[in-house]
Each structure stands twice: as C-alpha cells, then as structure tokens.
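Welcome! Here is a friendly tour of how two protein chains meet.

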Protein chains: 2
Amino acid sequence: MGNSLKPAGETRAGDVLARMRSDIISCALKPGSKLRFETLRELYEVSFSTLREALSRLVAEGLVVAEGQRGFLVAPVSLFDLNDLTDVRVLVERQCIKLAIDRGDDRWEADIMAAFHRMDRLQSRLGASYYLSDEWATLHSVFHLSLVAACGSPNLLEIRQKLFERAHRYRRMSSQFRPQWRAKDVEHKMIMDRVIARDTATAQDLVDRHIRETTENVIAHASHLFAQGGTADAFRRPDPVAAE
Amino acid sequence: MGNSLKPAGETRAGDVLARMRSDIISCALKPGSKLRFETLRELYEVSFSTLREALSRLVAEGLVVAEGQRGFLVAPVSLFDLNDLTDVRVLVERQCIKLAIDRGDDRWEADIMAAFHRMDRLQSRLGASYYLSDEWATLHSVFHLSLVAACGSPNLLEIRQKLFERAHRYRRMSSQFRPQWRAKDVEHKMIMDRVIARDTATAQDLVDRHIRETTENVIAHASHLFAQGGTADAFRRPDPVAAE
DNA sequence: TTACTGCGGATTTTCGAAATAATCAAACCT
DNA sequence: AGGTTTGATTATTTCGAAAATCCGCAGTAA
C-alpha cells in the first residue's frame, strides 16, 4: 500500500536483503558480529520470518554465516580469506575473459564501451572521492561484468558475481582509510582496450594484476581491521557429506 | 528429546532440506516442476516457514530456482546447463587437484587411500548395481573430496561441492537407464595413483576426462529427458546489479 | 579447587493464520 | 469477434505468538 517509491514487484524480503547487504559491505554491520533477531527486527522494521529469509540468502552469498541453532553471524574477514578469495577470483576471471573474447560479438564490444564511458564520466564528475560513492561502485561492477558478459556460461557468471560482491566488502574497508585511491581508471582503460582487441593473454594478465594489486592495497591499508589469527576456522568448510 | 536416531542438534529445516535435496537429485521431484507450498507441507509435514527456509537453501545450492513472487521451481535440467556445468567443474577441479598436490601431506594421502578403499569394498559387496545405492554415492562423493581436500582453499572447495551435487542429479538421471555402468572404478584407481605420485599434469587430465566422459554418458542415455530448447532462459543469470 | 547438574533468562526456530500478490475466467466495451 | 477490465479464486509472503533450544550461573559433590 503506502510503498511510494519502490520499483514495484519488490518483495519486502528482497528490500531487506538489499539493505542488509549494503550494511554488511559498508561494515555498518561489523564483520564477525552476531546478528540478533530482536535487534535486526527493530533496525529494519520487519518480522522474524522476513529476516530469516533475507539472512538465508545472505548466507548463500557468503556475507553471512549460519551457526547451527545458534543464529547468524556477519561473515568474518581475515587475511587468509582475502588471499583465498583473490586466488579464486583470478582463476574464474581469467576463464571468463578468455571465453568472452572467444565468443563475444559487436554488441558485446559496444556494451563494454558504454559501461566504461558511464563509469568514466561519473568519475570525472565526482572528482577525487569517487570511490566512496555507491553509484560509482555500481557502475564499476557493471563495467567489470560487461567485460565478461559474453562468456556464455551462466554458471561461471553467477559464481563470479558472488565473489565480486564479497571482494567489494574488502575494497570498501580500505577505501575509508585511503583518501587517494590508486589510478584504477588507467587500468580499466587498458583492460578494455586489450579485451576489445581480442588479445586474450594480455587481457588476462591485466585483469589478474588488477585484482591482485587491489588486494595488496587492501592488505596494506586495512588488514589491521581483520580478525587476529583468522585462519580456516573462521570459515566453515563444506560438510564432508556427513559420512557414514 | 524423543528424537531417537537423529544426529542430535539437527534442526527440522535441516532435516527437510536433506530430504528435499535427496528427492530432487533422485528426480522424485521432477526438474522444472512447480513446488507448491500446500503440497510440500503435506509431503514433508512441516509449516510454511520451515519450508521456505529449506527452499532458500536449495536455491543457494542451485537445485531450486525462485521466481520473484511466483514461487519456487525445481531447477530445470537441459543439455546447455549440463555442458556448462561440466566446463565449470573441469576448471575448478583441475585447480583443486593442482593445489592439493602442491600442498598435501602424508595425512592427506592416507585419507585418499582410506576413502578409496571404503568405496571399493562397498562396490564389491553391492555388485553390478552399486551405482544405484545412496550409500555408494556418498562414499563416491567422499572419495572425490578427499583427492582435493588438501588444496587449502575453503572457497574453492565450497564451490566445488555445490557443482558436484548438481552434477550428481544428472548422473543419477542416466543411471536409471543404464543397467551396466562403465568402469569408473578403474578410472578412480588411476586418478588416485597419479595424485599420490604427485603427477599433476596427468592427474588433472585424468580427472578432466573422468568428468567429461561421465557427461557424455549422461547425454547419450538421458538427454531425452531434458527440457526442449532449454538454453540460457531456463536459468536466470545474476542480476546486473540493478543499475541506476 | 574442579567437575558435574539443574534451574532461569535470553535467543532462536517453528507454527498457522492473516495480508498481499498473481492467476484465470467471465462480462464488458470497441 | 477481438481485446480489455473486473472480480473471484488460488498461491505466496509476512506476521507475531508459542515451542524448542541454548547459555550462564549457582549449588553440590568429589
């Protein structure tokens, strides 16, 4: 009823999901902190069931972890996880790039240039602090997606997107400490050029470096925020299929 | 407390989740069919909320798809998805194998041999129809996991496990038509030998072939069950971050 | 002191009814 | 007749209370 400015057809759970995701990525909800239903119910003004729905989906995205019958936690951050995440992203992104270059058509190239242009223009308009803007983050995400959208593998793209979002939280953690972000815009342009030139090997290497250098940047500026000794135990590994 | 033979600490949602997963993999719940709450509520004897919880988690595993406010569907199967899934699995599995061989220790080797032995013994005991047994399927899963358990990447292992489960449904679809399964036991032994010998390249190629040949087998015997023209539209791709 | 046991408060999980949204068909207008 | 709106039916989503579970603490015994 009173919902005035919602995209229409948006469920309340979907709305809460988006808000919680945003709050987790921005660290308004601190990594490793316990998510109590009563607290969240007041904060987001929804009921238990709706919360549970949103929480479940966030678990799927790896931004929240479920602890048996002991509730939910904001997924902890750690140096170990960041490095692991980075390695997996490089593997996936290299393959996406290769496939997209093999399979992409003219439309794909045009979409890349359009996405770059939008991101680039907003960057100029916002000036030095563009990296703090949610809008820029969205266009940045769209640009990187456009590079690989033609890869033809829905499964790979879905995995890629989830990893990208998790990495986004780490990037965001360091950006709050770094008034001057490094010149990613130049890197983006180079990547775009090599992708459209169908230079697979170079494009892969550039993306690889792009990801790893960002990670190194995060480690340099934000690793003091990570959980101490945060190794594997902070992340439950998949059940070994409950042997027997 | 009256729960006599449950592993203790199992939530009802977790129980329903396991049963539904089993029913989807065995195709008792047909691919592409609509999952109506009222029907499921009777079938599994739980309430709406509990169902919703289980459904959400199955969406995360890719065995169920959610359609906005129009309910849930058993994830459709298609030739396109099977081929895509296979390609992604090969990518992931090759990397897992490489890392595990680089990082594995004696304990890891011992676990592989133990897992193989259990699977092998059960196979002998069950005879020709071992591939229909859920127990064998579990030991098979454990064996394949043991090969890569030492890879050191929780993120990669989690992705791998989800893909493995989805592929399991396809394998299961063809096994019901094939009274004589091909000699996978020989392949398993060869893979184990090459992995323990730390022969990375050969081990990767063997696993690659193992996966692809299984897929070809499924296509040969069960592709007539797949959705017609089941291309990308049967699987929603990740939202382009809802630009704007 | 240390380990075990049982109680009390706090938190999560489950339930079924109420509210909301989608579907389908008959009646209506063009 | 073809296409659109309206209204009844069905299914999904949301709600908050009730049941089950967990956690800390006090009391007791070894």
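Contact here means heavy atoms within 4.5 Å. By that rule, 40 residues of chain B are in contact with 38 residues of chain A. This is a predicted model, in which local features need pLDDT of at least 70 and side-chain atom pairs count only at pLDDT 80 or more, while totals for chains, interfaces and linings use all residues. Residues are numbered from 1 along each chain as its sequence is written, chains are lettered from A in the order in which they are written, and side-chain values use heavy atoms, leaving out hydrogens and water.

Buried area is the accessible area (1.4 Å probe) that two parts lose on being put together, summed over both. Between chain B and chain A that area is about 3,600 Å², and carbon and sulfur atoms give 60% of it.

A salt bridge is a side-chain nitrogen of Lys or Arg within 4 Å of a carboxyl oxygen of Asp or Glu. The rule finds two across this interface; one of them joins Arg52(B) to Glu53(A), with the closest N and O atoms 2.9 Å apart.

Several helices (DSSP runs of H or I, at least four residues, numbered from the N terminus) each supply at least two residues of the side of chain B that touches chain A:

| Helix of chain B | Residues |
|---|---|
| H3 | 48-61 |
| H4 | 79-103 |
| H6 | 134-148 |
| H7 | 154-175 |

H7(B) gives the most to that side, with nine residues.
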